[in-house]
Amino acid sequence: MGSLLARSAPPAGQELLRVRLPAGLAAGGCKVVACGSAPQLGGWAPERAPQLHCQGGDQWVFVSGDLAGSPPPEALFKFVMISPAGGVQWEEGRPNRQWPQDGRVMVCNWNQSEVFEGKRAKPKRAAPRRAADCPEVVVCWGKPDTPGASVGSLAAGPSAIFHAFHWPWTEVERRAAEIAKCGFDAVQLSPAQRSKEGEQWWTRYQPLDYEEIHGLGSEAELRSACAACRSAGLRVIGDAVFNHMLVVASADEWRRAQGDPTLLEALKQRLEERVGPTFDRDDFQWPWFELQGAEWDGPMRMEGWGCGEWSELKAGSPKVVAVHQKHLELLSSAGVSGVRLDAAKHMRPAHIADYAASTRSLPPPGDVNGVFVYGEVLSFDAAMQHEYMYARSERSSAAASLEEPFPTTDFSLAAWLRWFLEVPERFLAEGLLQTEVPLIARNSVRFARNHDTVEGSDDLMGLGSWDQDVSAVATAWLLAAHDGAVLVLHKDVAACPIVGEAARHRQAVRSKLAALGLLGDPAVWTDARATLAEGGGAPLVVCVAVKSPPPESRVIAFSALNPDVSEGPPTSFQGSGCLAGAAARARFLPSSPGAAAGEVRVEPGGSLAEPLALAPGGGVFYVAEEAR
């Protein structure tokens with residue numbers, strides 16, 4: 001007997017999407033469409049969305065010839081199955097997908113994260129001259145008044161955070177000593193509560209029961225992992241998902257329910273069945289409002305249901321807060337000494353301040369220096385970031401003062417690094433060899449890539465399509481600076497040697513600062529320079545130096561990075577203006593034990609006595625043997 005699904009030949013054009021459906025899901029004459037935000041994708045109306053073509057079995061493809069014009073780069077979509085009778089089934093419980101860019105093919109399974117086939121085109125750099133012959137740009141690391149430069153901000157909290165993303169607790173326990181040896185002083189876990197069933201990473205961000213540790217291991221296994229981390233000198237940071245709970249219906253069902261009281265009641269009953277008896281329908285935000293597109297940053301961002309699906313909890317409700325407080329106490333009792341507050345921008349700043357204050361009031365385990373809390377504010381808007389950095393708690397007298405900003409995630413810095421390392425000229429005014437890095441705070445949480453940009457669908461200012469090898473140089477730059485907490489995905493540590501070298505360098509720099517009595521001194525500063533390539537493209541060299549307070553401004557440590565990852569000869573690094581101020585014939589030693597390179601000497605003007613070779617995508621890291 002033949003297949004219930006006949007093959008359909010796609011029109012001519014470039015293949016854009018390839019999806020595999022669960023066996024039998026689309027049997028019996030069903031069709032599959034790519035429905036999304038752009039008019040070319042139906043404007044979220046499945047009946048107007050373009051169809052995919054069955055290639056036999058459960059494989060479906062979509063080519064450019066199916067489109068009446070190209071969707072914009074910011075277009076979001078999901079796969080939808082439509083039955084012969086008109087019934088609609090959306091992909092459920094996962095973030096919206098972003099329309100593929102850069103000529104790559106999106107390949108995925110229904111309801112699961114995608115991968116991409118084909119290499120993204122990298123910007124080409126003209127044949128370089130010697131770095132010594134090219135102009136050097138002064139890269140100001142923030143402004144003199146960038147907030148968060150107090151001793152408390154710079155000395156407290158983690159410095160380099162290893163993100164053990166979606167790791168079972170047993171794996172964290174097994175590799176704790178190895179992580180510490182790599183130079184990290186903290187480990188961030190995925191959410192610990194019982195969540196929606198499934199192996200996909202995003203199910204961890206759909207809480208079902210806050211009173212139980214489940215999914216990545218038991219409570220006992222979490223305790224063992226935290227004990228192993230504490231023995232290795234690692235702080236453990238948990239991930240708290242307090243904005244919403246699991247998805248119980250698709251956005252399409254909720255949309256239809258707004259005009260159908262019977263369906264709305266059925267969906268609310270379904271919600272109660274999943275989250276009860278701890279919660280009931282009155283613990284959620286009504287009326288339902290769909291967060292899509294521009295609404296993610298709009299005036300309803302703190303009341304809407306993410307993707308139209310996230311079950312939005314009633315913010316500030318004493319009952320909800322009490323359940324969340326018990327979860328924080330459960331994490332603390334297991335040995336967790338830090339918390340990331342997920343989706344913070346979808347909660348009111350005062351409520352985030354409440355959670356931060358109550359978390360800080362928990363007793364830290366062992367000899368950990370206080371409890372560290374930060375918020376995921378997924379925004380490039382500085383004003384929105386400041387709403388959370390300076391929010392006051394309404395419930396606790398333990399709120400931080402306005403002089404000590406609450407740490408948030410610096411997405412703008414990640415985007416700036418990406419584009420500067422590809423086309424630095426766009427940041428330079430005509431005739432001016434100086435630019436400024438837009439730091440939101442000295443104590444922000446920084447990254448080049450994080451789990452949202454790597455595993456999610458939104459491209460987020462180009463971060464989602466940033467190649468791992470180039471972003472690794474950006475991560476090394478972040479780790480070479482003196483301030484902030486740097487968050488690094490486990491897969492980037494494993495795949496990119498420069499990241500591990502930079503993490504060990506940061507550890508060595510902090511040890512040197514502590515030995516000099518300068519750890520946390522707000523006058524310590526980072527001096528960075530970038531050597532431009534003739535004809536544009538990636539800089540030849542980025543040099544990052546950590547310096548003692550003015551007016552002496554001695555070089556305490558430095559790194560030199562080669563952002564060009566294309567195959568070719570090493571770049572010769574002969575010195576930099578940011579190394580000026582080193583003591584006469586200052587002697588610097590490699591910051592990583594066992595490094596192949598030996599000591600180097602730096603002249604007072606910043607030139608090296610002997611040049612260093614920087615391999616493509618590589619770098620060198622040094623700490624002054626003596627610094628006064």
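Contact here means heavy atoms within 4.5 Å, and the model behind these views is a predicted one.

**View 1. Helix α3 up against helix α6.** On the α3 side you'll find E219, L222, R223 and C226, and they meet L330, L331, S333 and A334 of α6. The two helices pack at an angle of about 50°, and their axes sit 8 Å apart. Angles under 35 degrees count as roughly parallel and 65 to 115 as roughly perpendicular, so α3 and α6 are oblique to each other.

**View 2. Helix α6 and what covers it.** This helix runs over residues 318–334, and its 17 residues should span 24 Å at 1.5 Å a residue; the end C-alpha atoms are 24 Å apart, so the two agree. Its buried residues include V320, V321, V323, L328, L330 and L331, along with H324, Q325 and H327. Among the elements covering them are β14 (207–213), α3 (219–231) and α7 (349–360).

**View 3. The largest nonpolar core.** There are 77 residues in here, and V139, F184 and W477 touch the most other members.

**View 4. Zooming in on W477.** Setting aside neighbours within four places in sequence, W477 is in contact with V139, W141, W416, L417, F420, L421, A528, V542, V544 and L561. Elsewhere there's a second, separate core of 38 residues, with A240, V275, L328 and V377 among them.

Methods. Residues are numbered from 1 along each chain as its sequence is written. This is a predicted model: local features need pLDDT of at least 70, side-chain atom pairs count only at pLDDT 80 or more; totals for chains, interfaces and linings use all residues. Side-chain values use heavy atoms; hydrogens and water are left out. A nonpolar core is a set of buried Ala, Val, Leu, Ile, Met, Phe, Trp, Tyr and Cys residues joined through side-chain atoms within 4.5 Å. Buried means under 20% relative accessible area, exposed over 50%, partly exposed in between (1.4 Å probe, protein chains only). Helices (H or I, at least four residues) and strands (E, at least two) are DSSP runs, numbered from the N terminus. The expected span of a helix is 1.5 Å times one less than its number of residues. Axes are lines fitted to C-alpha atoms, for helices over the stretch in contact, and angles run from 0 to 180 degrees between N-to-C directions. Angles under 35 degrees count as roughly parallel, over 145 as roughly antiparallel, 65 to 115 as roughly perpendicular and the rest as oblique.
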